[in-house]
Each structure stands twice: as C-alpha cells, then as structure tokens.
Amino acid sequence: MELNWTQLILALLAAVMTGFSKTGVPGAGIFGVAVMASIFPAKQSVGMLLPMLITADIVAVSYYRKAVVWKHLIVLIPWVLGGIVLGFFVMEHIGDGSLSVMLGVLILSLLALHLGKDRLERKLNFPFTQTVYFQASMGVLAGFTTMVGNVAGAIMTLYLLSRGLQKKEFIGTGAWFFLAVNLIKVPFNAYLGLITADTLVFAAWMAVPILLGAWAGIRIVPKIPQAAFQAAILILTALGAVRLLFV
C-alpha cells in the first residue's frame, strides 16, 4: 500500500482526530471518517479505519472506565445488533458513491431533527425522544451506520445528548458502546474482505498519532464548558456529514 505525501498527511490527521474524538469531542470522529473516505474508496476506508477505532476505543475505555451510564446502553443492545446485520447485507450491494451520500444525508437529517426536537415536542405535546420507539430507532441506526461507514458516532451523539449526560459520562458511555460494537464488527468486515493484513499494518503505523490525539482529548476536555462541548460536537458532526456528501 503506497500513499503520496498528501494522502499520508491526511491519514495522520484522521488518526489524530480518531484518538481525539474518543477521549475529547466525539463529533470529531465523523470528520476523521470523511478524511479517510477521501483517501481510499468509501467501502475500503471502512476496513482501514476499524482497527484504528478499536485502538482508540481501548484508550478511551481505560481512562473513562468508571464514567459510564449502563442503563442508556442496555436498552439499545438488541436494536444495535439488528442494525449491524442490516448494514452487513447492505454493504454487499451498495457502491462507494451511494454509500457516502446516503450517510451524509442521514446524519444531516437526524441533526436537523435534534435541533428542532424541543419545538416539535412542544407542538406535538409528546416527548418522543423519551419513548421506546426513539430508543429503538437510534439503536438500529447506530448499528447500521457503524457497520456501513463507521459513523455511528453521529447517531450516538444525538442519542446521548437527548439523555442529558455531562461531559465525562457522555464520553465514557460512548467509549464502552463503541468498543463493544467495533469488536462485534470485526468478523463481518473480515468476511467482506475489508480487514486484511494491509489494513492491520496501516493501523499499527497510525497507533502513535491516535495516542497523541487521545492524550490531547484527555487534556482538553476538562477545560471545555458543557455548553461549548455540546456545540462543538454538533458543529463537527455537521461538517463531517457535509464532507461525506462530496467525497
């Protein structure tokens, strides 16, 4: 696998953003996904990124292992597994261009729903984000999007924001979720030929920038006010989704 200097710099940036997103601002993760999809074909980039994500997940879980709200994860488990299986079958048939556009549109639509949910709930006089239907939808979408594009971070961002978690609990709960689902995805990706010896070697080379990004996230998060933390997550999620539309 040979990369030119521009591609190598972008890959290093994606690795740093991957580590930073797991311990700092989760919305940065989708930006890293978009960068990887600009270097490699969209489907290939999924397999390239997965071992990198698992590396960053292990760091995040190690540091935030006690900052987890299990009740928000347990209710998602069956729905997430269903979404992963659905995504597995879609990956066998969808093209690279269609995949990127689909994910970008989906994330932007959910982001718009999140921003307008308070007004919508007042108009409907019904708190739909607290219902089992909302949890099921988020679970299926999280499983589906993590399988087809490693972009469930955007879905989980919206789900965990709706639970009103503080910074450390937000990051810790997300860390445990993604370590579990990313490990579950490994055999699916291997079967599809997306994880190979080359992808594992590439991930090993990216380990140092991933760790640097994770270290930066740990140092920066305590200094970010809660409101600014949430705003940064949403802005980076939107930028990453727009980038997916034009990969």
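**Exercise 1. State which residues lie nearest the centre of the largest cavity, and describe its lining.**

Solution. In this predicted model, local features need pLDDT of at least 70 and side-chain atom pairs count only at pLDDT 80 or more, while totals for chains, interfaces and linings use all residues. Residues are numbered from 1 along each chain as its sequence is written, and side-chain values use heavy atoms, with hydrogens and water left out.

Step 1. On a 1 Å grid over the protein atoms alone, a cavity is a set of points where a 1.4 Å probe fits but cannot get out, and lining residues have an atom within 4 Å of a point. The lining of the largest cavity has 27 residues, and Ser21, Lys22, Pro26, Gly153 and Phe178 lie nearest the centre.

Step 2. Helix 1 (5-23), helix 2 (28-39), helix 3 (42-63), helix 8 (152-162) and helix 9 (167-191) are the elements that give two or more residues to this lining. Helices here are DSSP runs (H or I, at least four residues), as strands are (E, at least two), numbered from the N terminus.

Step 3. The lining divides into 14 nonpolar, 11 polar and two charged residues. Ala, Val, Leu, Ile, Met, Phe, Trp, Tyr, Cys and Pro count as nonpolar, Asp, Glu, Lys and Arg as charged, and the others, Gly among them, as polar.

Step 4. The volume of the largest cavity is about 310 Å³. A volume is the space filled by probe spheres set on the points, with grid points joined across faces, edges and corners.

**Exercise 2. Describe the second largest cavity.**

Solution. Step 1. The structure has three cavities of 30 Å³ or more. The second largest cavity holds about 80 Å³ of space.

Step 2. Its lining has 14 residues, with Val33, Ala42, Ser45, Val46 and Gly149 nearest the centre.

Step 3. At least two lining residues come from each of helix 2, helix 3, helix 6 (96-124) and helix 7 (132-149). Helix 3 gives the most, four residues.

Step 4. By class, the lining has 10 nonpolar, four polar and no charged residues.

**Exercise 3. Classify how helix 8 packs with helix 9 and with helix 7.**

Solution. Step 1. Axes are lines fitted to C-alpha atoms, for helices over the stretch in contact, and angles run from 0 to 180 degrees between N-to-C directions. Angles under 35 degrees count as roughly parallel, over 145 as roughly antiparallel, 65 to 115 as roughly perpendicular and the rest as oblique.

Step 2. Helix 8 and helix 9 have axes 11 Å apart and an angle of about 135 degrees, so the two are oblique to each other. Their crossing is right-handed; that term applies if the near helix is turned clockwise from the far one by less than a right angle, and left-handed if anticlockwise.

Step 3. For helix 7 and helix 8 the angle is about 155 degrees and the axes are 8 Å apart. Helix 7 is therefore roughly antiparallel to helix 8, and the crossing is left-handed.

**Exercise 4. Find what lines the largest pocket.**

Solution. Step 1. A pocket is an open set of grid points with protein on both sides within 12 Å along at least five of seven lines. The largest pocket has a volume of about 180 Å³.

Step 2. Its lining residues include Trp70, Leu73, Trp176, Phe177 and Ile184. Helix 4 (71-74), helix 5 (77-91) and helix 9 each give two or more, with the largest share, five residues, from helix 9.

Step 3. The lining divides into 12 nonpolar, no polar and no charged residues.
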